[in-house]
Protein chains: 2
Amino acid sequence: MPNIRLIVEYDGAAFHGWQLQVGVATVQGELQAAIETFLRTSVSSLLASGRTDSGVHARAQVVTFVVPELPDLARLAWGVSSIMRGKLAVLSAEVVPDSFHPREDAVSKRYLYRIMHRYAPAVLDRGRVWEVQQPLDLERMLEGAKQLIGEHDFAALRAAGCTARTTVRTIFESELSCVGPEIIYRVRGSGFLRYMVRNIVGTLVGLGDGTLCDSSMAQILASKDRAQAGVTAPPCGLYLESVQYEQWRDTATGGT
Amino acid sequence: MPNIRLIVEYDGAAFHGWQLQVGVATVQGELQAAIETFLRTSVSSLLASGRTDSGVHARAQVVTFVVPELPDLARLAWGVSSIMRGKLAVLSAEVVPDSFHPREDAVSKRYLYRIMHRYAPAVLDRGRVWEVQQPLDLERMLEGAKQLIGEHDFAALRAAGCTARTTVRTIFESELSCVGPEIIYRVRGSGFLRYMVRNIVGTLVGLGDGTLCDSSMAQILASKDRAQAGVTAPPCGLYLESVQYEQWRDTATGGT
């Protein structure tokens with residue numbers, strides 16, 4: 001039975017996160033229903049490269065499922081996008097080896113976080129950015145972002161109820177840039193703990209606005225203490241940008 | 001009586017264009033009402049750098065009005081933005097000389113147009129881009145964009161009912177670039193006829209998709225015939241980016 005891989009874009013505001021929950025709209029639940037409606041058959045439970053939390057967007061989430069027989073993949077992409085009516089779009093659909101697993105085979109993931117840094121409220125980017133008004137020391141933020149690169153214990157930046165076996169992760173890229181009034185944070189890592197990117201961004205802003213004036217990112221990491229880090233940045237500014245795989249390096253970047 | 005200049009961002013989808021009309025929400029009408037509500041006084045009719053059509057966005061429209069006495073400008077910006085509840089934001093407010101006129105003193109204006117070029121429907125950028133699915137010859141489009149630079153008679157690219165005295169305008173910059181699945185067109189000119197930017201973009205897409213395969217942009221301009229040009233691109237992809245003035249060069253770019 002063919003193993004199908006989809007690259008999907010979705011609007012986090014339209015869903016209560018990836019994972020199936022009874023009684024609320026989740027990406028997993030709605031996408032599975034749309035696929036089964038279009039194909040008029042049951043498919044295996046959808047697998048993804050990882051769960052995105054409620055409100056978090058995806059530019060190129062990687063999803064797989066097994067179907068009884070091979071469908072027309074272009075029609076599947078078009079049909080599922082139509083059913084999802086602007087909340088989710090299928091950017092590509094292809095057959096992958098049975099052994100391919102979107103989470104276990106992922107080599108790294110790339111996230112992007114958008115901060116709108118100005119006094120005026122967001123208009124054209126409303127609900128797509130974290131709106132930060134206070135003055136920020138960009139130098140301290142740039143330094144903090146740089147100190148995240150490498151293998152570290154991220155215990156200080158995990159979610160309160162995080163039960164991961166190990167909190168050690170490797171960050172390959174971590175950089176801040178400014179585009180007009182926007183501050184954009186890009187990070188690529190071997191994996192991320194729950195809320196980790198949002199806690200990184202909240203901590204960078206805490207370093208920038210002086211809330212965390214007595215410490216550096218390196219000291220916060222070394223403390224392994226969540227209380228030393230900053231707030232959890234809101235989900236609306238966070239985008240799962242792409243997932244990298246050995247065999248398909250740089251293909252899971254969405255688009256065209 | 002002080003002459004106040006605002007830089008405002010607005011979501012074109014929330015208004016029936018700039019110009020005051022009875023019975024529908026326009027930027028001019030709603031913004032004037034918000035200013036008068038906040039200041040609890042009448043102000044002169046709002047002037048803008050130009051009218052934006054229904055559905056067209058602005059990142060930095062320039063607006064002036066005269067008030068009986070000088071208000072607290074930071075509070076005015078904050079208060080008016082609050083009243084406009086996410087549809088419009090005041091990015092800056094300042095006193096300018098009585099003689100300053102946002103349209104007559106403008107040296108040039110910059111517009112940006114976003115095309116989402118892929119099969120899948122837009123999700124995160126829905127309503128903010130023109131969705132184009134057909135294959136495009138980017139080389140022909142780049143060439144067409146380049147041929148617009150300079151002083152030309154734009155009669156072929158004006159709106160059907162355009163009554164401008166002269167259709168000659170000067171284009172200082174005209175360039176296409178690709179960012180992922182997006183094609184972005186940037187243009188700066190001495191002034192623009194009604195629908196001119198949208199007709200330029202529709203013509204560039206016509207050159208790219210082969211609809212206008214027998215002609216070049218230069219030939220279309222030379223014809224002075226609207227029927228030789230392409231369709232009018234939809235307003236949702238168009239953004240008034242900034243307005244340039246002699247004295248305030250490059251300040252009207254919004255942000256921070």
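Modeller: A crossing of two helices is right-handed if the near helix is turned clockwise from the far one by less than a right angle, and left-handed if anticlockwise. The structure discussed here is a predicted model.

Colleague: In which hand does α3(A) pass α4(A)?

Modeller: Helix α3 of chain A spans residues 138–146 and helix α4 of chain A spans residues 196–209. Their axes lie 7 Å apart, and the helices pack at an angle of about 145°. By the definition above, the crossing of α3(A) with α4(A) is right-handed.

Colleague: Which residues of α4(A) does α3(A) meet?

Modeller: The contact of α3(A) with α4(A) divides into 5 nonpolar, 2 polar and 1 charged residues. From α3(A) come A:R140, A:M141, A:G144 and A:A145. On the side of α4(A) they meet A:L204, A:V205, A:L207 and A:G208.

Colleague: How much area do chain A and chain B bury between them?

Modeller: In this interface, 27 residues of chain A are in contact with 27 residues of chain B. Carbon and sulfur atoms account for 62% of the buried area. The total is about 2,000 Å².

Colleague: With which residue does B:E9 form a salt bridge?

Modeller: The rule finds 4 salt bridges across the interface of chain A and chain B. For the one formed by B:E9, the closest N and O atoms are 2.8 Å apart, within the 4 Å cut-off. The partner is A:R118.

Colleague: Which element gives the largest share of the side of chain A that touches chain B?

Modeller: Two or more residues each come from β1 (3–10), β3 (57–66) and β4 (88–96) of chain A. The largest share is 4 residues, and it comes from β4(A).

How values were computed. Residues are numbered from 1 along each chain as its sequence is written. Chains are lettered from A and ligands numbered from 1 in the order in which they are written. This is a predicted model: local features need pLDDT of at least 70, side-chain atom pairs count only at pLDDT 80 or more; totals for chains, interfaces and linings use all residues. Side-chain values use heavy atoms; hydrogens and water are left out. Contact means heavy atoms within 4.5 Å. Buried area is the accessible area (1.4 Å probe) that two parts lose on being put together, summed over both. A salt bridge is a side-chain nitrogen of Lys or Arg within 4 Å of a carboxyl oxygen of Asp or Glu. Axes are lines fitted to C-alpha atoms, for helices over the stretch in contact, and angles run from 0 to 180 degrees between N-to-C directions. Ala, Val, Leu, Ile, Met, Phe, Trp, Tyr, Cys and Pro count as nonpolar, Asp, Glu, Lys and Arg as charged, and the others, Gly among them, as polar.
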